[in-house]
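Biologist: Please go through this model with me. I want the grounds for each label, not the label alone.

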Amino acid sequence: MYDLHSILIQLKKEDTPLHGVMVRCVRCFYQRLDPAHWEGSALFDLWDQELELIYGDLRQWLSPNAKTDAGSLGDRFGFDTPPELPRLLQSIQTFYSVLIKLIAWNTLRGATPEPPLTELLSGKAFANRGIRNFCGDDWYIWPLDVWDPALETQCEELRACLEAFDTCPEGSTLSPDSLSRIYETVVPPALRHALGEYYTPGWLAERTLQNAVSASGQQAGELRFLDPACGSGAFLIQALRMIRADTPQDPPLSDQVAGFDLHPLAVLTAKVNYLAVMARQPLPEAGLFLPIYRYDALNIPILRGDTLVIDTGCGLACDVPLSLCRQAVEMRPDPEEFLSMPEARGLLTSLPPNGRLLLAGILLNRIWAFFHQKADIVMGNPPWVNWEYLSPRYRAGSQHLWGEYGLLQVKGPRLGFSKEDVSTLFTCAALDRFLVPGGRLSFILRQATFRSAQNGAGFRRFHLDGPSLDFRVLEVEDLGRIRPFDGICTPVALVLIQRDARHVFPVPYRHWQAKPGFRRAVRSPDATIASVLPFVRMEDMTAAPAHRDDPGSVWVSAPNGLAPVLDALLGSNPYQARTGVFTGGANAVYRFQILERTGNTLRVTNLAEKARRKAPAVTAELEPTCVYPLIQGSDLSQWSVRSRAWLLCPHTAETKIYPLAEADLRQDLPLTYAYLTRFRDLLETRKGFAGWERAIQERYFYALLRVGPYTFSRYKVAWRYIARSFITAVIAPMQDPYLGETLPLPNEKVVYVGTDCREEAYYLCGILSSAPVRCCVICYMNPTSISAHVLDKLHIPVFDPADSRHLSIAALCEEGHRASDPRCQDAVRQQLDRAVAALYGLTSADLDAVRSMLEKI
């Protein structure tokens, strides 16, 4: 058996033989994928359509604006000129498919002679060994249509190179992370990150499954498992291993562990992992059918009378008679056998023979998955993608589910700002479609499902309207501060749900904290949950809604002893927080450095280099009228504000969301108008304007977003939107070297409350800066993004200038802003904590408990 860890190491090192073979293979595939050769090919048109369904607009995600550098990627694979990135991705994925088919054969081959490469790549060699539904005809066998000595030489060179790694004894265990790590090595990080491709580590899949099996009260060998977004198969491997541990003498039942995924390469990887586990014991005499299917768990086939309408995902829909579907489920034919059935002879006749076989394979996978038996445990890591980022075709196919399940609680103008994540919809569909009554679902979900005010509110009703189905969250394990996925900062949680049960609060909530050595433990190739847990400190908490009378409100999680303190701090207040000015995707136009001022003219240079959406770097002249110091998130720290750039904002407190009229700009501020007109094409194509805002953009090409009278408030109590801790400061008028005394304006990464009263600003900042309130906010905020809604849950008395307690808090906070010595600031903070605690009626013991929790976090 191949030593996959050694293969991984050699693929990473540029001076190794295997890395050289990979580079040559990718270049060879890239050359054969010349669009001129495949122009008009129905097969490649279908492949392009499926890629668009899976990824959306590849050219957009793999563009310079997405920070994907074709030149550096081309250098990695030895290209003289920057390659076309979608074509490079197809070439890399083709190489990976060849590599893992060779690895799969190595787990099986025993004394069997080596098959010709063409039979191995086509899947015929596996079928001859009794392995059904392995690969057959898929997109990645396209090299067989142009097979020539050069292609054969490259692939044979790869096979020969792999033989040097055939050093593991028979029966060796395949690490569930091995193939995922190989994929993450073969596909450069820049491509994977642009496309949002990450895989679940095996130890985390193991923990997720342990929770579900334990809650079921049964042994793993008595249960049926399904992962409806199986990726590389990490959860499937863990389920098979758990079953084997319970029933070592008996192999898992047919279809006892099954997986779905839309991505053909993920399905192939999962099958190789599944096969490697099953091949550790003699395969059944009748052969082995791999119950892992190319299937979209959201856009499922539709029953219409005696017909199943199946969307292939390639722009083709087929009406398949139910009688034919039943035959396919019973007989499990291969694509060729399926097409030879009398009722199938009229299907897909418009395609060439190879395309017809390929689409028949997709149809069979859709049919088998649609009729697959419901599971006792549904597990996995569903895709975390904002709904708006999915391809339009994919959204169109499943948009109706949001309404049918009753998930959209945001209505009116706010709907345009809703950032619902598809993982929420996916979870509800899995509960409805794939789980037996009373079954358990164990998923890795974004923590925002429970912590976001705008998103997940429909889910937090714990009821699906269409099927009239209740569900209960049994427990949550909060992994937000340990970052279990390399390269991903998104806070996640392990969530265990029971179908057909009424939800009750409080919910057991376990908080994970990393101990020294945690990162090293999880990066071990052989990491298991048993080897990771010694490096984790867990704190048992409970979770309940922030507003007790609104079960759909965000959750507050804290140790039981803090509940009375939090009850005193939670409630409502009259203050409204907002996000700062948003350029809509044109930072390179509106942000700049001032070089000098001459009279009433500023000479500026725009900050084009750091902007995500590129624009030409220019030096220009502007009137100072619409120029303000810019406050970015990184400019804020506790009780401290700085400015390192300037912002062009052609709005006023009077014009509000609308900018100055174009005629007024042209006449009164000709330099500013000329500068904006220079970038008109870029400004008119900004993507940041949503819903009703687009009408503003169409009327005023230079308009900004998130602007109103509040933008020009004299004082702003502000905090960072992207942050792991809740720190606040007052943004006050500042003395600018070019503009004199002026108002700084925050950008969209700053959240603030505006007021024209200095004392009120420092009073509110003092309340929010205090230990009791910071502790309360931490108990319900999203660990990496602190939105405007964080303020909504707090009980804050409105500022009263006649209340000496309010004035004392304001004075202490202002003193803290003026203090530069950390020791002085700390002394002020201690006084402020006591003043705020007294305002809320908290005791010194309460304050000690709050500070103790803050120290732990």
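Modeller: Phe443 is the bridge partner of Gly380 in E10.

Biologist: What makes strand E9 (residues 375-380) and E10 a pair?

Modeller: Two strands pair if DSSP finds at least two bridges between them. E9 and E10 have five bridges and run in the parallel sense, so they qualify under that rule. Strands here are DSSP runs of E of at least two residues, and helices are runs of H or I of at least four, numbered from the N terminus. E10 also pairs with strand E13 (residues 492-499), antiparallel, over seven bridges; in E13, Gln498 is the bridge partner of Arg440.

Biologist: Why is strand E10 (residues 435-446) called largely enclosed?

Modeller: Buried means under 20% relative accessible area, exposed over 50%, partly exposed in between (1.4 Å probe, protein chains only). Ten of the twelve residues of E10 are buried, so the rest of the structure largely encloses the strand.

Biologist: What are the ground rules for these values?

Modeller: The model is predicted: local features need pLDDT of at least 70 and side-chain atom pairs pLDDT 80 or more, while totals for chains, interfaces and linings use all residues. Residues are numbered from 1 along each chain as its sequence is written, and side-chain values use heavy atoms, leaving out hydrogens and water.

Biologist: Why are H16 and H18 called roughly perpendicular?

Modeller: Axes are lines fitted to C-alpha atoms, for helices over the stretch in contact, with angles from 0 to 180 degrees between N-to-C directions. Under 35 degrees counts as roughly parallel, over 145 as roughly antiparallel, 65 to 115 as roughly perpendicular, and the rest as oblique. Helix H16 (residues 322-331) and helix H18 (residues 353-370) cross at roughly 85°, their axes coming within 9 Å; therefore they are roughly perpendicular.

Biologist: Which residues make the contact of H16 and H18?

Modeller: Cys325, Ala328 and Val329 of H16 meet Leu364, Ile367 and Trp368 of H18, contact meaning heavy atoms within 4.5 Å. By class, the contact has six nonpolar, no polar and no charged residues. Ala, Val, Leu, Ile, Met, Phe, Trp, Tyr, Cys and Pro count as nonpolar, Asp, Glu, Lys and Arg as charged, and the others, Gly among them, as polar.

Biologist: What makes E6 and E8 edge strands?

Modeller: E6-E7-E8 is the order of an open antiparallel sheet of three strands. Strand E6 (302-304) and strand E8 (317-321) each pair on one side only. H16 lies across E6, E7 and E8, at about 80° to E8.
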